[in-house]
Amino acid sequence: MQERNVTIQSGDAVLAGTYVIPDGDGPFPAALIIAGSGPLDRNGNHGKLPLSVSRLLSEIVVPRGWATLRFDKRGVGESTGDYLSTGLQEEFDDARSALAWLREQPEVSTVVPVGHSVGALAASEMAAWDDTAGAVLLAYTVQNGQATLEWQAREIAQTVPGWIKGLLGVFGSSIEKQQAKAIRKLRSTTGDVERIGGQRINAKWMREFLDYDPEPALRDSTVPLLALTGSKDIQVDPDDLAAVDAVAGDRATTVLAPDVDHILRHESAELSNPKRYKSQAAKPIDPSVSAALTSWLDDLVDSQPENRATRNT
């Protein structure tokens, strides 16, 4: 295995990433790994929350004969630019720049975007409008951003202790009402970066996310898709897998991973809770996720014999 740091020009920013080439003669199929929401680096880490989703996904697929590229988001890690003022569509453009860079590498045959959470939205866009052999949508939602946040609030409310719910009720509030109030505040903003609740936030990104509808890209995609969501995900609705089947039809393979949370780890508790993500992140990506991902990628390569690389099984 060869691993090297690379830079990718994307508009006025330079994205820094890690490019990994497996052992063997090639040419290799390649996976562009796209992280979820927030200021995530190339490994999928956010400040003091080392989720490592992107790094672990790379480590899963490289031994199967896949090259990988993962990158620091704009304004994060070693990438230039400003994270807070970057919109959702600009993040999509940055992912497309990374895709174009990966496709130009001489040892690469075909390219597949592998997106997690919001990164799965970018992967779905590429499956519709860019030259890809397929796309992997991990923890993917078919609902628009506002509907997704409202669903999250209802799910997270189940994890809140009863005394807190009672206290909120005394003041005529609830987790759901607080979420709705936050959405109204976001929609009233006009700047790229705004201060809400004393904290500077990426308001442009949030407004674009609230209105983003994933269904058109899903409907217009023409390549094979793998959509996988954990049964205990409380950030995207696992029932959306049925919508993927309905919209994408035979192009889609959908997998409901049992007892898996949003960060693709095994969750033994009855309910997942984002407050436990830090401890959950100490676990590996759940074997059911790894098995589904590698099996689908292997089948994709086998369906394109001219692009078949030697896999180390």
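Student: In β9, which residues point one way and which the other way?
Tutor: This is a predicted model. In a regular strand, side chains alternate between the two faces of the sheet. On one side of β9 sit L226, L228 and G230; pointing the other way are L225, A227 and T229.

Student: How many of the six residues of strand β9 are buried?
Tutor: Buried means under 20% relative accessible area. Both sets of β9 residues, those pointing one way and those pointing the other, are buried. The strand is therefore largely enclosed by the rest of the structure, and the count is six of six.

Student: Which residue in β9 does V136 stand opposite?
Tutor: Strand β6, residues 135–138, pairs with β9 in the parallel sense. Four bridges join β6 and β9. Opposite V136 stands L226.

Student: What is the bridge partner of G230 in β10?
Tutor: Strand β10 covers residues 252–257. β10 pairs with β9 in the parallel sense, over six bridges. The partner of G230 is A257.

Student: Where is T86, and is T86 buried or exposed?
Tutor: T86 lies in the loop between β4 (67–71) and α2 (88–103). Its relative accessible area is 3%. The cut-off for buried is under 20%. So T86 is buried.

Student: Which backbone oxygen does the side chain of T86 reach?
Tutor: Leaving aside neighbours within four places in sequence, T86 is in contact with R74, E91 and W205. The side chain also reaches a backbone oxygen at 2.6 Å. That oxygen belongs to D82.

Student: Which element gives the largest share of the lining of the largest cavity?
Tutor: The count is one cavity of 30 Å³ or more. The largest cavity has a volume of about 130 Å³. Its lining includes R74 and E91, two contacts of T86. Four lining residues, the largest share, come from α2.

Student: How many residues of the lining of the largest cavity are charged?
Tutor: Among the lining residues are K73, R74, E91 and D94. Seven lining residues are nonpolar and one is polar. The charged ones number four.

Student: Which element gives the largest share of the lining of the largest pocket?
Tutor: The largest pocket holds about 1,400 Å³ of space. Its lining has 46 residues, with S37, L149, Q152, M206 and Q235 nearest the centre. Seven lining residues, the largest share, come from α6.

Student: How many residues in the lining of the largest pocket are charged?
Tutor: The nonpolar class has 27 residues. The polar class has 17. The charged class has two.

Key: Residues numbered from 1 in each chain as written. Predicted model: local features only at pLDDT ≥ 70, side-chain atom pairs only at ≥ 80, totals over all residues. Heavy atoms only, no water. Helix = DSSP H or I, 4+ residues; strand = E, 2+ residues; numbered from the N terminus. Buried < 20%, exposed > 50% of the residue type's maximum accessible area, 1.4 Å probe, protein only. Polar contact = N/O pair within 3.5 Å; in protein donor to acceptor, adjacent residues only side chain to side chain. Contact = heavy atoms within 4.5 Å. 1 Å grid on protein atoms, 1.4 Å probe; cavity = no way out; pocket = protein on both sides within 12 Å on 5 of 7 lines; lining within 4 Å. Points joined across faces, edges and corners; volume = space filled by probe spheres on them. Nonpolar A, V, L, I, M, F, W, Y, C, P; charged D, E, K, R; others polar. Pairing = 2+ DSSP bridges.
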